[in-house]
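Visitor: Could you walk me through this one? I would like to hear about the sheet and the aromatic rings.

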Amino acid sequence: MNFDFTPYVRYIAKTSYFISNKYLIACDCRFLYVISGRGSFKTTGVAYELTPGTLIYYPYGVAYKIQSEQEHPLHFYTVNFDFNEDFSSLPLMVPEAVRNHNPEKEIRSIRENLRSEFSNVICIKDAVHAETNLRRIHSEGLEKSAGYQQIQSAYLKILLVYVFRQNSKTEKSTLCKEIKELIFRHPELNNIEVAQKLNYHPFYLNDVFKKSEGITLHRFIIQSRLTKAHELLTTTDLPLEAISDVCGFSSQSHFSTCFKKEYNVSPANIRKQT
């Protein structure tokens, strides 16, 4: 891995503010680190649990939604950055609603040598030592003393190398990738069937997946089924019962309940809107 890059910090804040209940797309790369509180970070088909010490990396062009528990509101660091200084003259850009996003505005700073490692969302649980780096990046941004941008860049690079190491650890990381690929191809499979196909015990598979991804294997399967169902509802004329069967739900009523809970609208109403 070639770590010859100089990241540029566009913006950092220690905040509780975020745009809730909407899927957004950012034009630059970002980190979110949870200081306190609980919530979730959702992308298409996947939901990551947010708890203190969770670090989320997400690149430009990814649709995401942040939600906070009312009883335990999120307080977090958010960092907007590029992987190089080529775009440092561009103004700060706020995330856009999915329907308004223009891909041409994306700051595509991830070069070829980093693309395979940093083109997808990465969630690291218990990344508590990352807080030290983020605190220093934040304080440098507030003080703006001589050379502060170079110091920010150095601490951000340490953080990115740490993320690379954690994400590329081992066989367990590879196993999680195999699990995801299998479920994306076959959302109808349940936990036990996934484990059988990969020749692992279901309890072990769930434990590995939860530690790596921050959510249970069962929850990931449900999210993948709902994503597939949404796609079928909006792109085909298949009856609701058939979509329920194809996506592996035990019944149409179970499908409707899960779908409404996730999207705040029933499958029937989604079909009417298309």
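Guide: One term before we start: a residue is called buried if its relative accessible area is under 20%, exposed if over 50%, and partly exposed in between. Please also keep in mind that this is a predicted model.

Visitor: OK, so is Phe-31 buried or exposed?

Guide: Phe-31 is buried, and Phe-81 is buried as well. These two rings form a stacked aromatic pair, with 5.3 Å from centre to centre and 20 degrees between the planes, and the pair links distant parts of the chain, since Phe-31 belongs to strand S3 and Phe-81 to strand S8, 50 residues apart.

Visitor: What is the strand order in that open sheet?

Guide: The five strands are ordered S1-S8-S3-S6-S10, with antiparallel pairing. Strands S1 (8-15) and S10 (122-124) stand at the edges with a single partner strand each, so one side of each has no neighbour in the sheet.

Visitor: And which residue in S6 stands opposite Phe-31?

Guide: That is Tyr-57, and the two strands concerned, S3 (residues 29-36) and S6 (residues 55-58), are joined by four bridges. Phe-31 and Tyr-57 also belong to one aromatic cluster, together with Phe-5, Phe-81, Phe-83 and Phe-118.

Visitor: Which charged residue lies over the face of Phe-5?

Guide: Lys-157 does, at 5.4 Å from the ring centre.

Visitor: Switching topic, how far apart in helix H9 are Phe-259 and Tyr-263?

Guide: They are four residues apart in H9 (residues 252-263), and are therefore separated by about one helical turn. Phe-259 counts as buried at 0% relative accessibility, whereas Tyr-263, with a relative accessible area of 25%, is partly exposed.

Terms used
Residues are numbered from 1 along each chain as its sequence is written. This is a predicted model: local features need pLDDT of at least 70, side-chain atom pairs count only at pLDDT 80 or more; totals for chains, interfaces and linings use all residues. Side-chain values use heavy atoms; hydrogens and water are left out. Two strands pair if DSSP finds at least two bridges between them. Rings of Phe, Tyr and Trp (its six-membered ring) pair if their centres lie within 6.5 Å; planes under 30 degrees apart count as stacked, over 60 as edge-to-face and the rest as tilted. Buried means under 20% relative accessible area, exposed over 50%, partly exposed in between (1.4 Å probe, protein chains only). A charge sits over a ring if NZ of Lys or CZ of Arg is within 6 Å of the ring centre and within 35 degrees of the ring normal.
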